[in-house]
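Hi,

Here is the structure I promised to pass on. Have a look at it first, and then read my notes below.

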Amino acid sequence: MASEANDSTEDGVKMPEIKFTKLFINGCFVDAVSGKTFETRDPRTGGVIADIAAGDKEDVDLAVNAAREAFDHGKWPRMSGFERGRIMMKYADLIDQHAEELAALECLDAGKLFLLNKILDVPGASNMVRYYAGAADKIHGETLKMSGEFQGYTLREPIGVVGHIIPWNFPTIMFFFKVAPALAAGCTMIVKPAEQTPLTALYYAHLAKQAGIPDGVLNVVTGFGHTAGAAITAHMDVDKVSFTGSTEVGRLVMEAAARSNLKSVSLELGGKSPVIIFDDADVDMAVDLARKAIFFNKAWMGEICVAGSRVYVQEGIYDEFVRKIAESSKNWIVGDPFDAHVHQGPQVDKKQFEKVLKYIDHGKREGATVLTGGKPCGEKGFYIEPTIFTDVKDDMLIAKDEIFGPVMSLMKFKTIEEAIERANNTRYGLAAGIVTKDLNIANRVSRSIRAGIIWINCYFAFDDDCPFGGYKMSGFGRDSGMHALEKYLHVKSVVTPIYGSPWR
């Protein structure tokens, strides 16, 4: 247990009690073997929220052993899909019952808007659990029509012990992107949340036990990437790693997997997503969509891999667009994420705050023009003004690198061909937005852009049934939808002879 924070905000939101700060291994909260802890901080102020157990290789070994035992000899993989689904439904109900506390906890630890946590992220998580609970008894193999005197069929079996390494930008959603389909498939697992945002993962582990998920099936090891995360990726008894994070760390995950037991890997990595706005677009709608695609707190102050950070506007409406988006930014409220009137909260920590400011300075030095923002705001915490650059060239760092902050690069184009070429001129391929009233343009451009998800006249249109993942250096494998189950299943073929069969 850690200290309580029982005061309330001006809007009457009760600050959450910090109940869980230890590792969760084999159904119990335990200290790290080393006894070490680290601080998790409030991005609104920079102050310490709690001291969290710092897991390392020894702790990962214990968690993997628990998950291995639960998989090899436990009942979770051997239950009927219906029974797993029933327990998962109870898990989802418990999440809903604690929604306000979880929303406040995520707001405190991650700086995300409380209201959106409460009405979107936490309910979205419970609905995701229900989606995969419904899929748990619908995992089927195939009957094979084989030549010769044989009959065959396939089985789809759980892959085994899974290591999930999740980022800090959507702690709740990313937890269940990984955990929900893996549970439905019958896997056991170790979750390593980001060191910046460990609190909700520990709470969800507590609720999993309350729901009846057997000990050892879901373990949470808090700690750092280079210690706990590296131990998971290199572990000889982990069968699969699912990682969401930076492209640089994704390379290390693949390398560790190859050097150890050639475990299966799926990666959801960085992005530099284009939003392409054509002359026929409704300019007011396009301004609102482009602004939300990078600044809105659902996009997490630009701290999301699909943020629409490159905005290409066709020359016929470019000047009007620039004028209107600059005007709209004046009404954009940056502040305390517990305040219901705020549009944008703080960056997650000091390191990310300073990184974003360095990119803004670099953009200025490269010759881009600051249309709005460009500075930190507030006397404490990690707040940055929503920043829009014009006069941006495609070879500038602010147009090439994933900044992961509220920074938009605004550029002009002439033709459809130019827009497609420039949109694809990136090492990433996660998402893209298209704004047009012309169906032919929408179809042509969406087929031509190399990205995993294309949004036409919308953005951030996620759904449990819609697969999500990347092309190129944005990774491979899919979260969400039935495709996500495939990551956690092996296909086994079973063949038997049929002697004297007349069927060939």
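Predicted model: local features only at pLDDT ≥ 70, side-chain atom pairs only at ≥ 80, totals over all residues.

Now for the helices themselves. H3 passes H4 in a right-handed crossing. H3 covers residues 99-110 and H4 covers residues 114-135. Two packed helices are described by the angle between their axes and the distance between the axes. For H3 and H4, the angle is about 125° and the axes are 8 Å apart. Angles from 65 to 115 degrees count as roughly perpendicular and those over 145 as roughly antiparallel, so H3 and H4 end up as oblique to each other.

Next, the aromatic rings. How many aromatic pairs does the structure hold? The count is 19. Take Phe20 and Phe29: their ring centres are 4.8 Å apart and their planes are at 15°, so this pair is stacked, since planes under 30 degrees apart get that label. Phe20 is buried, at 13% relative accessible area, while Phe29, at 27%, is partly exposed. The cut-off that matters here is 20%, under which a residue counts as buried.

Tyr459 and Phe460 pair up in another way: they sit edge-to-face, with 80° between the planes and 4.9 Å from centre to centre. Both of these residues are buried. They also belong to a cluster linked by ring pairs, together with Phe177, Trp455, Phe462 and Phe468.

The charged end of Lys112 sits over the ring of Phe170, at 3.5 Å from the ring centre. Likewise, Lys240 has its charged end over the ring of Tyr488, 5.9 Å from the centre.

Last, the cysteines. How many disulfides are there? The count comes to zero. Cys187 is buried, with a relative accessibility of 0%. Cys305 is in no disulfide: the nearest cysteine sulfur belongs to Cys466 and is 14 Å away, whereas a disulfide needs the two sulfur atoms within 2.5 Å. Cys305 is buried as well, at 7% relative accessibility.

Cheers

Notes. Residues numbered from 1 in each chain as written. Heavy atoms only, no water. Phe/Tyr/Trp six-rings, centres within 6.5 Å; stacked < 30°, edge-to-face > 60°. Buried < 20%, exposed > 50% of the residue type's maximum accessible area, 1.4 Å probe, protein only. Lys NZ or Arg CZ within 6 Å of the ring centre and 35° of its normal. Axes fitted to C-alpha atoms, helices over the stretch in contact; angles between N-to-C directions. Helix = DSSP H or I, 4+ residues; strand = E, 2+ residues; numbered from the N terminus. Parallel < 35°, antiparallel > 145°, perpendicular 65-115°, else oblique. Left-handed = near helix turned anticlockwise from the far one by under 90°.
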